[in-house]
Amino acid sequence: MGKIAPSILSADFAQLAAEVDRVRPEADLLHVDVMDGHFVPNLTIGAPVVRCLRPRTDLYLDCHLMINNPGDLLDDFAKAGADSCTVHVELGDPRPLFDRMRAHGMRVGLVHNPETPLDAVLPYLEDIDLLLFMSVHPGFGGQAFIPSVLDKLRAARKIVDERGLAVELEIDGGINAQTAPLAAAAGADILVAGSAVFRTADPVAAARTIRDAAWPNG
Ligand code: DX5
Ligand code: ZN
């Protein structure tokens, strides 16, 4: 059975703790989208919000850093209670950031954009806990799934299994009950879903529908 990571990007920020409680029964992780208005053309939330969420939920806080200078903020995220930070490979050699995350006891994530080849992340597979596949161009919720990312996901699944690595494969963007089975069949372990969960009347039911569509046999 895979995992569902609702993205709070599509939640009501004015009542974030209540939104997290609303989705808690069907959430395995909570995906936190951090954007700086530079790496992506949108501005969201940062470590202070993670710090406020930390005592309000026992969910794993999966922080996706879409920011130009993650090195400047890793300490803040660690102190705020992030369980992992995921950094973009497009920024250059991520190894120094990995070392800092490990020193803080955080799990280590690496993410690549839809147009970035899988080859760009393969050198780091042995050093990470999460490999995130963007299946939309990062920056906004509610975009359409880019199906060509499934080819990269299938290739990564094969490599990870052949090498016997424990790295989890996570996919983010445009995941709903229609695309979730495609991502699961291609080998995803974790499905991030924002608008398909929070922009519904019943987020728990929506998350369960995505889970059942992805992994009908449990
Ligand atoms: C986009 C973010 C995603 C976003 C996904 O840059 O990284 O996590 O919340 O939203 P949906 O599920 O609506 O595509
Ligand atoms: Zn994300």
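Leaving aside neighbours within four places in sequence, phenylalanine 145 is in contact with Ser135, Val136, Leu150, Ile171, Gly173, Gly174, Ile175 and Thr179, where contact means heavy atoms within 4.5 Å. Phenylalanine 145 is found in the loop between β6 (130-134) and α5 (149-163); helices (H or I, at least four residues) and strands (E, at least two) are DSSP runs, numbered from the N terminus. Although 20 residues separate phenylalanine 145 from leucine 125 in sequence, the two are 24 Å apart in space, C-alpha to C-alpha.

This is a predicted model, in which local features need pLDDT of at least 70 and side-chain atom pairs count only at pLDDT 80 or more, while totals for chains, interfaces and linings use all residues. Residues are numbered from 1 along each chain as its sequence is written, chains are lettered from A and ligands numbered from 1 in the order in which they are written, and side-chain values use heavy atoms, with hydrogens and water left out.

The table sets out two buried residues; buried means under 20% relative accessible area, exposed over 50% and partly exposed in between (1.4 Å probe, protein chains only).

| Residue | Place | Relative accessible area |

Not counting residues up to four places away in sequence, glutamate 168 touches Lys3, Arg107, Asp129, Leu130, Leu131, Asp189 and Ile190.

The zinc ion (ligand 2) is coordinated at 2.1 to 2.3 Å by His31 (NE2), Asp33 (OD), His64 (ND1) and Asp172 (OD), donors being N, O and S atoms within 2.8 Å of the metal (3.2 Å for Na, K and Ca); water is not among the atoms, so sites may look incomplete. Along the chain, the donors of the zinc ion (ligand 2) follow the spacing H-x1-D-x30-H-x107-D. Because aspartate 33 lies in strand β2 (residues 29-35) and histidine 64 in strand β3 (residues 60-66), the pair ties together parts that are 31 residues apart in sequence. Both aspartate 33 and histidine 64 are buried.

Helix α3 (residues 70-80) and helix α4 (residues 95-103) pack at an angle of about 10°, with their axes 10 Å apart; axes are lines fitted to C-alpha atoms, for helices over the stretch in contact, and angles run from 0 to 180 degrees between N-to-C directions. In this contact, Pro70, Gly71, Leu74 and Asp75 in α3 meet Leu97, Arg100 and Met101 in α4.
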